[in-house]
Amino acid sequence: MNGMKITSVPHPLPAVVWGESPDSIHRAREATRAFTDNLTPAPDPERADTLLLVVSELATNALRHGGGRYTLQLFAGPDTLTAAVSDLSSAAPRDRTPDLNGGSGGFGWHMIRHLTSHLTITPDPGAGKTIRAQLPR
């Protein structure tokens, strides 16, 4: 052996949040913050804040456009942070022109696409879909 020591750093089990009301967005953000705070090594604080924003937008979009319920799962790999949000709608997210005057939204999907390094949309068996948003750790 060349004196190199390889250690395994355990990663926490994925965090899971179920939501079906606007109050659940707050729980999703709290779970995301707790998840990133407990990672070893901890992600860069700016990266953790970015994941928090992505989770908030994905969960909000699932409530507004995805059938009113969602499941959030958070995963950490050695080089990545991943948020997976499943909802009841099989319709893929679509770009909308942001509403600058009426407050009806249109910013979230643009923001999610801009902030993440990798996005996948997977149809669920039956109905629904899962959006996986990945960021570098």
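Visitor: At what angle do H1 and H2 pack, and how far apart are their axes?
Guide: This is a predicted model, in which local features need pLDDT of at least 70 and side-chain atom pairs count only at pLDDT 80 or more, while totals for chains, interfaces and linings use all residues. Residues are numbered from 1 along each chain as its sequence is written, and side-chain values use heavy atoms, with hydrogens and water left out. H1 and H2 pack at an angle of about 155°, with their axes 9 Å apart, and they are therefore roughly antiparallel to each other (angles over 145 degrees count as such).

Visitor: Which residues of H1 make that contact?
Guide: On H1 they are Ser24, Ile25, Ala28, Arg29, Thr32, Arg33 and Thr36, where contact means heavy atoms within 4.5 Å.

Visitor: Is serine 24 buried or exposed?
Guide: Serine 24, which is found in helix H1 (residues 23–37), counts as buried because its relative accessibility is 0% (buried means under 20% relative accessible area, with a 1.4 Å probe and protein chains only).

Visitor: What does serine 24 touch?
Guide: Leaving out residues up to four places away in sequence, serine 24 touches Trp18, Gly19, Leu63 and Tyr70.

Visitor: Switching to H3, which of its residues are buried?
Guide: In helix H3 (residues 108–115) the buried residues are Gly108, Trp109 and Ile112. They cover an arc of only 95° around the axis, which puts them on the same side of H3.

Visitor: And what do they pack against?
Guide: The buried residues of H3 pack against helix H2 (45–65), strand S4 (118–123) and strand S5 (129–136).

How values were computed. Buried means under 20% relative accessible area, exposed over 50%, partly exposed in between (1.4 Å probe, protein chains only). Helices (H or I, at least four residues) and strands (E, at least two) are DSSP runs, numbered from the N terminus. The arc is that of the directions from the helix axis to the C-beta atoms. Axes are lines fitted to C-alpha atoms, for helices over the stretch in contact, and angles run from 0 to 180 degrees between N-to-C directions. Angles under 35 degrees count as roughly parallel, over 145 as roughly antiparallel, 65 to 115 as roughly perpendicular and the rest as oblique.
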